[in-house]
Amino acid sequence: PSVAMALPWAFVLLPALFFLSSSVTNLFFSNSSSNGSGGRCSLCPQSPEVPYIVSTTYRTAYHFQPPRNWINDISGLMYYKGIYHNFYQYNPHCALWCWGDIAWGHSVSTDLVNWIQLEPVIEPDNPSDIDGCWTGSATILSGGQPVILYTGVSRDNCQVQNLLFPKNPSDPYLREWTKAGNNPVIQPVVPGLNRSCFRDPTTGWIGPDGLWRIAVGAQLYSYNAALLYKSEDFLSWTRVDHPLYSHNLSNMWECPDFFAVLPGNNSGLDMSVSIPRGAKHALKMSVGYFDKYLIGVYDLKRDAFVPDTIVDDCRLWLRIDYGDFYASKSFFDSKKGRRIIWGWSQEADCRSDDVAKGWAGIHTIPRTIWLDSDGKQLLQWPVDEIESLRTNEINHQGLELNKGDMFEINGVDTFQADVEIYFELTSINAAEPFDPSWLLDPEKHCCEAGASVHGGIGPFGLVILASNNMDEHTVVHFRVYKSQQKYMILMCSDLRRSSIRPSPYTPAYGGFFELDLAKERKISLRTLIDRSAVESFGGGGRVCITSRVYPAVLADVGRAHMYAFNNGSATVRVPQLSAWTMRNAHVNVENGRSAI
Ligand code: DQQ
């Protein structure tokens, strides 16, 4: 059935919102933002007080966060004796990142959905980490013994690498850890190295010579590198005379991650066992505000990563996520034979809001990550376990969205939902030409080509967290462009109207992916909505965008609308739309309920 037939009121009212009244059109999918997409604020422009209701309503229900205080990077992940461990950058004292405070929080889980918080495993308390226990990684050594390498900040911001051992390896919860007596095990003694930019060791892997290797993010002279170190016993380390990879054009590479992937195969690979022929390698680095990556090969003779294509302008490097997502880390999950990645999503409100809420920062839903069959880009999908929270399923089939149509999705909790939609293009002739310069700044293009700007194919997608009069709404949408022999799909997560509150950071995030539309006419969108967190996966996980939103409608009204829409001239079919309410997970709750 067409949407207009299914919902006569929508036929009358919603196209009117798009076309009939210019004032309503502006109010609805306006291109200009009252907030703009300016930088993050450190203090709210108005009252520093956050109403109590805000602190509870914006708290996520099934994302990872501690009961209170600040978190940032995922600092160590592993599956050990039947338990998943998440170690993270944590301030035990308050909801801000403060110099000298950062410790390692620790939570455990059997399903990656429900978590129990344990005591922090380390805090700054000795000369090699007195100003902070920063990011690192866990490695399981050949005999099954887990170890952690982390960056310690010693006086004068001198960054060194330290080692930690579990006190009792037979405890599957690994509750207590000891700092090695010979810390730091790696010092910043490399010619040209900026000793305040030498951090975030990777998980170790074994090379063909049987020696352990790790990479450490570093800035030397005028270039950035993942420096390579070797060790026989994981205790004493020697620097290899060349980096794993380096580049001269970007900011410091934080949190490098290096892993093997098989094209078109979503089984994960353990970096410490032999890597099958045909495997490729991914090198991820967190740089600026984004997690970027290169696909290439690990040249074992040269002991170096060699990207498949050299792209000098790092604005063109692919991103793990095109939104509010940083400092991700992956690990091999030996329980299910997959590689899992997840990242930190910071608050996009003000520091004073965070202090008043008593918490700041979440981790995204863990995602399975693998390489597309063309060997060019990584794909990601929320781990299956998250589906255990789905309830109240609703389904629609065979919808038809003409230009200006909006189809309201009822029957699920619009603040806690999992929505999966397939959009099928009825024709690809209307695709507008693609301009390659857009790749340099997809956010800018999402601002220029917002949901109110009619296109040939698209914009179409989802409107979520919408107030009755649409003065608040968040839009996740696609546009299809023709680029010589291929098609480029733009995916945007447009937050410019996500909140009438003046303080949040509300950009329009965006990313492009290629799709062979001559073969496959369907574009999928999956969006996980969790109060202040929205994670979207486009084209089967080719572009992922995490966003943080603070709609007043959530705090004040407690009810919002959700629509599938099309505002392109070509009709778009929806062969399948499924949505679920997502139940609360037990995430680090205290005494059976959240501490906040
Ligand atoms: N966060 C850590 C650093 C890392 C940065 C400090 C990335 O180790 O480089 O909390 O978010």
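Visitor: How many residues sit between E16 and E17 in their hairpin?
Guide: Two residues, and Gly288 in the turn has a positive phi of about 70°. Strands here are DSSP runs of E with at least two residues, numbered from the N terminus. Keep in mind that this is a predicted model, where local features need pLDDT of at least 70, side-chain atom pairs count only at pLDDT 80 or more, and totals for chains, interfaces and linings use all residues. Residues are numbered from 1 along each chain as its sequence is written, and side-chain values use heavy atoms, with hydrogens and water left out.

Visitor: How many bridges join E16 to E17?
Guide: Seven, with E17 (residues 290–299) running antiparallel to E16. Two strands count as paired if DSSP finds at least two bridges between them.

Visitor: Is E16 buried or exposed?
Guide: Buried (under 20% relative accessible area with a 1.4 Å probe, protein chains only). Eight of the eight residues of E16 (residues 280–287) are buried, so the strand is largely enclosed by the rest of the structure. One side includes Lys280 and Lys284, the other His281 and Met285, and these are all buried.

Visitor: Switching topic: what's the strand order in the open sheet of five?
Guide: E4-E3-E2-E1-E22, with mixed pairing. The edge strands are E4 (116–122) and E22 (359–360), each pairing on one side only.

Visitor: Which way do E1 and E2 run?
Guide: Antiparallel, with eight bridges joining E1 (residues 69–80) to E2 (residues 83–91). Gly76 stands opposite Phe87 in E2.

Methods
Helix = DSSP H or I, 4+ residues; strand = E, 2+ residues; numbered from the N terminus. Buried < 20%, exposed > 50% of the residue type's maximum accessible area, 1.4 Å probe, protein only.
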